[in-house]
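Please look at the structure below together with its sequence. The briefing that follows covers a pair of helices and a set of paired strands.

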Amino acid sequence: MTSSTGSKSTGSHAAGSKAAQLRQAAEDAFAEEIAALRTADDRPRPPNWQMSPQAVVTYLMGGRLDSGLDITPKYIGDRRLMEVAVATLATDRALLLLGVPGTAKSWVSEHLAAAICGTSRLIVQGTAGTSEEAIRYGWNYALLLAKGPSREAVVGSPIMRAMNEGRIARVEELTRIPSETQDSFITILSEKTLPIPELNEEVPAQKGFNLIATANNRDRGVNELSSALKRRFNTVVLPPPATIEAEIAIVESRVASLGRAFEIPAEPPGADQIRRVVTIFRELREGVTVDGKSKVKQPSGTLSTAEAISVVGSGLALAAHFGDGRLSAADLVSGISGAVVKDPVQDAIVWREYLETVVKERDGWKDFYKAARASA
């Protein structure tokens with residue numbers, strides 16, 4: 001009886017809608033857009049690409065197809081940066097997306113892979129413990145002991161799978177990987193082969209294979225890339241949003257999608273509340289008020305757009321579950337102060353001074369100032 005119940009439960013989950021997943025991969029979440037772009041695309045495609053470079057940029061930047069379908073923008077910023085990134089992947093150079101935390105490096109990497117080859121799942125997460133096997137291959141030790149070295153016993157890494165299938169592989173946080181392990185990429189990127197010396201064989205990369213890596217500007221010097229490895233990458237620096245309006249648009253879009261994904265029963269945040277969060281983050285990040293009239297001290301944190309999205313999302317959850325369903329200044333304050341005050345001594349001073357010299361004097365911000373002072 002128990003066995004039968006368990007089997008039915010498993011089948012039910014397996015047949016469940018992908019919409020029930022907490023987070024869908026880009027190729028699943030935007031499957032309709034990708035399919036429509038592929039159908040409408042009549043331009044030349046590089047080998048093994050599922051759409052042309054122009055269509056990939058449209059997928060990233062947004063637009064309207066002749067069918068009337070609106071392609072939602074995945075990246076709000078300089079179109080030329082996306083064109084350079086896509087053009088790089090159509091050559092023999094790998095792509096390195098570089099930038100401070102929260103500048104959408106991983107987000108862009110995921111969507112590039114999804115649009116170009118249909119999967120963003122061939123990924124290696126770089127850490128201090130990433131081994132050479134995670135980049136090249138490992139072994140099924142049961143088969144290795146039973147039959148000795150053979151292709152059957154080889155457990156391919158995501159990089160090896162991408163080479164075999166002519167797809168895009170992704171490497172997150174490249175500079176977190178130890179220097180001696182990073183060198184494993186040199187042969188892969190220069191020779192486009194992956195040697196398996198135990199078998200006296202090699203895995204040649206199929207057409208369409210390439211690599212997208214991300215790295216954090218703040219990590220420079222952690223595991224600096226060698227000159228040989230740097231030459232194999234074309235680097236595209238993703239900057240913070242150039243204007244406050246662009247940053248507001250990013251936060252608004254991402255918060256809306258998070259609200260739908262988590263089914264938060266709250267009203268969409270008003271533009272004024274999002275503008276407040278973005279204004280605070282930009283002023284503290286840049287060390288000057290938006291009107292350029294006053295300098296402010298900068299905290300130790302990065303105060304990225306990603307953190308602004310998190311603050312607004314957390315505020316919405318507070319409003320929905322512990323408030324009246326409308327995002328208020330009080331719902332935002334705890335998240336903002338938590339993002340700003342990373343160092344409990346120095347950052348706390350910066351935050352208090354900002355409240356007294358900027359927020360207190362700003363028209364229409366009295367509710368925020370009172371809520372911030374009450375929680376201090």
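In this predicted model, Glu33, Ile34 and Leu37 of helix 3 are in contact with Ala55, Thr58 and Tyr59 of helix 4, where contact means heavy atoms within 4.5 Å. By class, this contact has 4 nonpolar, 1 polar and 1 charged residues; Ala, Val, Leu, Ile, Met, Phe, Trp, Tyr, Cys and Pro count as nonpolar, Asp, Glu, Lys and Arg as charged, and the others, Gly among them, as polar. Residues are numbered from 1 along each chain as its sequence is written. Local features need pLDDT of at least 70, side-chain atom pairs count only at pLDDT 80 or more, totals for chains, interfaces and linings use all residues, and side-chain values use heavy atoms, with hydrogens and water left out.

**Helix 3 and helix 4**
- Helix 3 (residues 31-40) and helix 4 (residues 53-61) pack at an angle of about 150°, and their axes are 10 Å apart.
- Helices (H or I, at least four residues) and strands (E, at least two) are DSSP runs, numbered from the N terminus.
- The two helices are therefore roughly antiparallel to each other, a term for angles over 145 degrees.

- Helix 4 is mostly covered, with 7 of its 9 residues buried, that is, under 20% relative accessible area with a 1.4 Å probe, protein chains only.
- The buried residues are Ala55, Val56, Val57, Thr58, Tyr59, Leu60 and Met61.
- These buried residues pack against several elements, including helix 2 (26-29), helix 5 (79-89) and helix 6 (105-117).

**Strand 7**
- In strand 7 (residues 168-172), 5 of the 5 residues are buried, so the strand is largely enclosed by the rest of the structure.
- In a regular strand the side chains alternate between the two faces of the sheet.
- Ile168, Arg170 and Glu172 point one way from strand 7, and Ala169 and Val171 the other way.
- Strand 4 (residues 123-125) runs parallel to strand 7 and is joined to it by 3 bridges; two strands pair if DSSP finds at least two bridges between them.
- Ile123 stands opposite Arg170 of strand 7.

**Strand 10**
- Strand 7 also pairs with strand 10 (residues 210-216), in the parallel sense over 4 bridges.
- Leu211 in strand 10 is the bridge partner of Ala169.
- Strand 3 (residues 94-99) runs parallel to strand 10, joined by 5 bridges, and Gly99 stands opposite Asn216.

Note on methods
Axes fitted to C-alpha atoms, helices over the stretch in contact; angles between N-to-C directions. Parallel < 35°, antiparallel > 145°, perpendicular 65-115°, else oblique. Buried < 20%, exposed > 50% of the residue type's maximum accessible area, 1.4 Å probe, protein only.
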